[in-house]
Amino acid sequence: MRKIKIALAQLNPVVGDITGNARKILGAVKEAKSAGADLVVLPELMLAGYPPEDLLLNSGFIDKNIEVLEGLAAKVRGITAVVGFVDNKGETKGAIYNGAAVISGGRVVDVYHKMCLPNYGVFDEQRYFTPGTGALNISIGGVIVGISICEDIWAPEGPLRAQAGAGADVIVNLNASPYHTGKEALREEILFTRATGNGVAIAYVNMVGGQDELVFDGRSLIFDSVGTMLRRGAAFEEELIVEEFSFKPETAKNGNSDPLSGARKTDPIDAEQEKPDGQRCRVREVKIKGRRGVEAAGGKKRARPKPPARLTLNEEVYGALVSGTRDYVRKNGFKHVVIGLSGGIDSALVAVIATEALGAKNVTVIFMPSRYTAKESFTDAKKLAVNLGVEFIETSIEKTFSDYLELLRPMFKGAKADVTEENLQARIRGNIIMAMSNKFNSLVLTTGNKSEMSVGYATLYGDMAGGFAVIKDLPKMLVYELS
C-alpha cells in the first residue's frame, strides 16, 4: 500500500511582506512536520502575497522573493513543501511566472508555472504573468502528486487531465480564491467534477484574510477520486488541515483493480470545452524520497476530525466583513478606527463589525447632533456605545452649522433652502471625523450601504469621506438581516 499524509496550510499573508510571509511559511512547515505530514502545501503566491499587482513591475521585488525562497528552502528538511512565489526563470526571456516551488532536502528541486491565467472579474493576471507550458507530477514515497495553481483546476482545458493520464494519484492545488456569496458551493461542484471526471483525489488549499477590496475565506477542501469530500477547512481562519491518503500498489493500476486510478470518466464540462490539441502539456516527474518511505503513513488510523459547521449566508457575509475590516486596517498600518455614529442602523452595524474585528479599545464613535437631530438618535447611539464598550464622543455641530449659514447668506440671497443646507451638515461632520483621523492616526470607516450608494443617497466630502467603506457591498435589506 502506497501512503502519503498531506497538510494544507491556509494562511493569511501580507502583500509585499516577503520576510514576514516566509516566517509564516516556516511556522506552517514546522507544524505540518510535527503532525507527521510528508507534504505541506501553501497558498498561491504565498511568499509575495496576493494580489501583488504592480509590485510585479519591480524587478527588485521579484529578486527579493526568490532570494528569500532560497533561504527558506535551506530550512525545509524532513518534509516536502510546495510554496507559491513569483518566478523569473522560464522559457521566455524577461517574463515572470506565477510559480509553485517544490522544496525538499533543503533545496528547490523543481518549479511549476501556472498555465491558466485568469483575466476576468477581480483577476488581472495576464497583465503580469506569462503562462507556463508544461504540467508537473512529482513522486513522493511512490505516490504520484500533480502540482497545479488555482485557475488550472477551474479551467476545463487545464493541466489536470494530462497529469491524471500520466498516473497522478492526487492533485494538490494552490489557491488565492476570493470570497463572494455562493462561492463555497461553486468550489465544491468544480472539485467534485474534476475528481470524478479524472479519477484523482484533490487537495485544494485556499488563502484566508483580507487584502484591499478582496477577502479570502479559506475553507480548503479535500476530495477523494470518487467525489467524496474528506475534509473542509474553517472559514476566515488560519488552519492546518492534515489528511492521509492510501493508494494500492502501482502494479494494480494497469489492471484497473485500483478504484482510485481506474478508467478516467468523461468530464461533461471538459467534453464541451476541451481544446482541439487535447492533452497539450508535457508532464515531468521528479523523484523525491518519502520522509518515511512507502509504508510511511502506516499505523493506527485515527478518526477523521468532524468538519466545521456550514455557515448560513448571513454568517459568512458577516465573517467576510469582519475579516476584511480587520486586515484592511492592520495591513495598512493602523490600529484604531473612528466612526461617525448617527443612531441609525448602518453606522450601528459598522460599529459592531469594527469592534469584533479590532476590539473595543480600538474603536471611537462620534455623535454629532444638529438642530434636526432627534432625541431618540442620541439615546440609541449612546446605548450602542455602552453595549459595545467603545469610546463615545458627543460634539454638537449646531454652532458651526449656523456659522456656515451666516457666511453663505449673502451668496445664497434670494435662493430657497434645499439639499445644499442638508449637505452642509454632512460635510461638517466629515471634517470632524477626518480631523480626528489626522490627529490620532485613526482610520475613518464610512457607513454607507450599497442601496444608498447606487442611487447617490450620500454626500460627497461628507458621509462618503473616509478610508474604508465597510458595508458598501450590502444592500439595505441585508443590512437589516445582519443587524
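Helices (H or I, at least four residues) and strands (E, at least two) are DSSP runs, numbered here from the N terminus. In these terms, M464 sits in the loop that connects α12 (450–455) with β20 (468–469). The model is predicted, so local features need pLDDT of at least 70 and side-chain atom pairs count only at pLDDT 80 or more, while totals for chains, interfaces and linings use all residues. Residues are numbered from 1 along each chain as its sequence is written, and side-chain values use heavy atoms, with hydrogens and water left out.

M464 has 39% relative accessibility and therefore counts as partly exposed; buried means under 20% relative accessible area, exposed over 50%, and partly exposed in between (1.4 Å probe, protein chains only). Together with M453, L460 and Y461, M464 makes a nonpolar surface patch of about 410 Å².

β20 also belongs to an open sheet of 5 strands, in the order β18-β17-β16-β19-β20, with parallel pairing. Two strands are taken to pair if DSSP finds at least two bridges between them. The edge strands are β18 (391–394) and β20, each pairing on one side only. Within the sheet, β16 (residues 336–340) and β17 (residues 363–367) are joined in the parallel sense by 4 bridges, and I339 has V365 in β17 as its bridge partner. Helix α8 (residues 345–358) lies across β16, β17 and β19 (442–446), and runs at about 170 degrees to β16. Such angles run from 0 to 180 degrees between N-to-C directions, with axes as lines fitted to C-alpha atoms, for helices over the stretch in contact; contact means heavy atoms within 4.5 Å.

A second open sheet has 6 strands in the order β5-β4-β3-β2-β1-β14, and its pairing is mixed. β5 (107–113) and β14 (239–247) are at the edges with a single partner strand each, so one side of each is left without a neighbour in the sheet. On average, neighbouring strands of this sheet are turned by 25 degrees against each other, direction ignored. Helix α2 (residues 59–73) packs on the sheet and touches β3 (80–87), β4 (97–104) and β5; the direction of α2 makes about 165 degrees with that of β3.

Strand β1 (residues 2–10) pairs with β14 in the antiparallel sense over 9 bridges. R2 stands opposite F247, and Q10 stands opposite E239. With β2 (residues 39–41), β1 pairs in the parallel sense over 3 bridges, where I6 has L39 as its bridge partner. In a regular strand the side chains alternate between the two faces of the sheet. In β1, R2, I4, I6, L8 and Q10 point one way and K3, K5, A7 and A9 the other, and all are buried.

The loop between β5 and β6 holds E125. With 3% relative accessibility, E125 counts as buried. Apart from neighbours within four places in sequence, E125 is in contact with E44, Y50, N98, K114, L117, P118 and N119.

Conventions
Patches are made of residues with over 30% relative accessible area and no salt bridge: like charges are joined within 9 Å, nonpolar side chains (Val, Leu, Ile, Met, Phe, Trp, Tyr) within 5 Å. Accessible areas come from the Shrake-Rupley method with a 1.4 Å probe; for residues, only the protein chains shown count as cover. A salt bridge is a side-chain nitrogen of Lys or Arg within 4 Å of a carboxyl oxygen of Asp or Glu.
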